[in-house]
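Here is a short briefing to read alongside your structure. Keep the viewer open and follow the topics one by one.

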Amino acid sequence: MLEDLTTAAFSPTSWPAAYPKGYAVVDVETTGLARDDRIISAAVYRLDARGEVEDHWYTTVNPERDPGPVWIHGLTSEALEGAPLFPDIAEDFTARLQGRVLVAHNAVFDWQMIAREYARAKCEAPVRQRLCTIALSKELGLPLPNHKLESLAAHFGVVQRRAHHALDDARVLAEAFRPSLRAAAANGVRLPLHECRPLTEWSDGPATPRIGQQAGPRGYGGYRQTGWRPSRKRPACPYPNPGRYEAGGRLKQGMRVAFSGDTSTERELLEDRATEAGLHVATSLSRLTSLLVTNDPDSGTSKVVKARQFGTPIVDEAAFGQLLGDVEPAAEG
């Protein structure tokens, strides 16, 4: 059984040799959630091998477009007009990420946003591994009501002062990550590290409104011009449907998986990964669907509503990414 995870004072006498030598706890605020959205602020807390804070850094970034949901992140067009462009801060950002594991809450989102910005700037993000604190909290079995940052902070008694401000979110995460890391080390928990493969080139879609221009009325997605993509016929899944996914278990080849809402990883890429793992990607939801993947289970979309009606299991994108790493082969027969 794990030791008391709320006790931040303990320090394991021996530290796992396989653990990373340093971490960069990162938070980025963005103009939205799509692949063509931009970073508008970024913060990094550098931690040593045992989670002690070394220093921190914060910057705003001019996205050269409308800032998106100001009511969430608080950064207006006026506030960002004089901010540096991403290529101007890329060197400083690199210095803080270099040689460290990127740590973030729903790390795949922050990683994808960072990788795209570096690719736009025609350089490569210096990150080779990432660690998601959502995945780590699951590995530790933390009794959280949900996977929000505020819930993780409350569990460890960390006071959140300015939610959705990159610097404060990174501070909160760093303070919550330290006792999580120590608990993992004390109990021999394998850290859920994932490989990061930097983008080497990038091409944005049609132009989106720049700073000072009017955004659309639909919040995060109202002004996007590249959300549409043609449907792509996928090969039939060669495995029979083994039934529904069971919470705490493994995905099995042949399971029917549906997606709903925005994903931090490009949807087509996420579907490709599911297909490569031997899963059946379903475009609609029925009683035969094994699993629904959504980052907003309370959205009220038709798929979410049907999933509730049919009792279809629902997981978020981060959990699905973990499950994809260990898909059970189809039964022979």
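How many bridges join β7 to strand β9, and in which sense do the two run? Four bridges join them, and the strands run parallel. Keep in mind that this is a predicted model. The protein has 10 helices and 10 strands, and 50% of its 333 residues count as buried.

**Overall picture**

- Among contacts with a separation of 6 or more, 68% are between residues 24 or more positions apart.
- The protein exposes about 16400 Å², and carbon and sulfur atoms supply 48% of that area.

- With strand β8 (residues 280–282), β7 pairs in the parallel sense over three bridges.
- Strand β9 spans residues 291–294. Val-257 has Leu-291 of β9 as its bridge partner, and Ala-258 has Leu-292.
- In a regular strand, side chains alternate between the two faces of the sheet. In β9, Leu-291 and Val-293 point one way while Leu-292 and Thr-294 point the other way, and all are buried.
- β9 is also joined to strand β10 (residues 314–315) by two bridges, and this pair runs parallel. Here Val-293 has Val-315 as its bridge partner.
- Between β9 and β10 the chain passes through helix α9 (residues 302–310), making a right-handed β-α-β crossover.

- β1 and β4 run parallel and are joined by three bridges. Val-25 finds its bridge partner in Val-103 of β4.

**Nonpolar cores**

- The largest nonpolar core has 32 residues, and Tyr-19, Tyr-23, Val-25, Phe-177 and Leu-191 have the most contacts inside it.
- At least two residues of this core come from each of β1 (22–30), β2 (39–48), β4 (101–104), α5 (133–140), α6 (149–155) and α7 (166–186). The biggest contributor is α7, which gives 11 residues.
- Apart from this core lies another of 28 residues, including Trp-57, Ile-89, Tyr-118 and Ile-134.
- Beyond its neighbours within four places in sequence, Tyr-19 is in contact with Leu-181, Ala-184, Ala-185, Val-189 and Leu-191.

**Helix α5**

- Is α5 largely enclosed or largely open? Six of its eight residues are buried, so α5 is largely enclosed by the rest of the structure.
- The buried residues of α5 are Thr-133, Ile-134, Ala-135, Leu-136, Ser-137 and Leu-140.
- These buried residues pack against β4, β5, α6, α7 and α10 (317–324).
- Just after α5 comes Gly-141, which takes a positive phi of about 70°.

**A buried arginine**

- Arg-100 is found in the loop between α3 (86–97) and β4.
- Why does Arg-100 count as buried? Its relative accessibility is 17%, and buried means under 20%.
- Not counting residues up to four places away in sequence, Arg-100 touches Gly-22, Tyr-23, Ala-24, Arg-46, Leu-47, Glu-54 and Gln-129.

Definitions and conventions. Residues are numbered from 1 along each chain as its sequence is written. This is a predicted model: local features need pLDDT of at least 70, side-chain atom pairs count only at pLDDT 80 or more; totals for chains, interfaces and linings use all residues. Side-chain values use heavy atoms; hydrogens and water are left out. A nonpolar core is a set of buried Ala, Val, Leu, Ile, Met, Phe, Trp, Tyr and Cys residues joined through side-chain atoms within 4.5 Å. Buried means under 20% relative accessible area, exposed over 50%, partly exposed in between (1.4 Å probe, protein chains only). Contact means heavy atoms within 4.5 Å. Two strands pair if DSSP finds at least two bridges between them. Accessible areas come from the Shrake-Rupley method with a 1.4 Å probe; for residues, only the protein chains shown count as cover. A crossover is right-handed if, with the strands pointing away from the viewer, the path from the first strand over the helix to the second runs clockwise.
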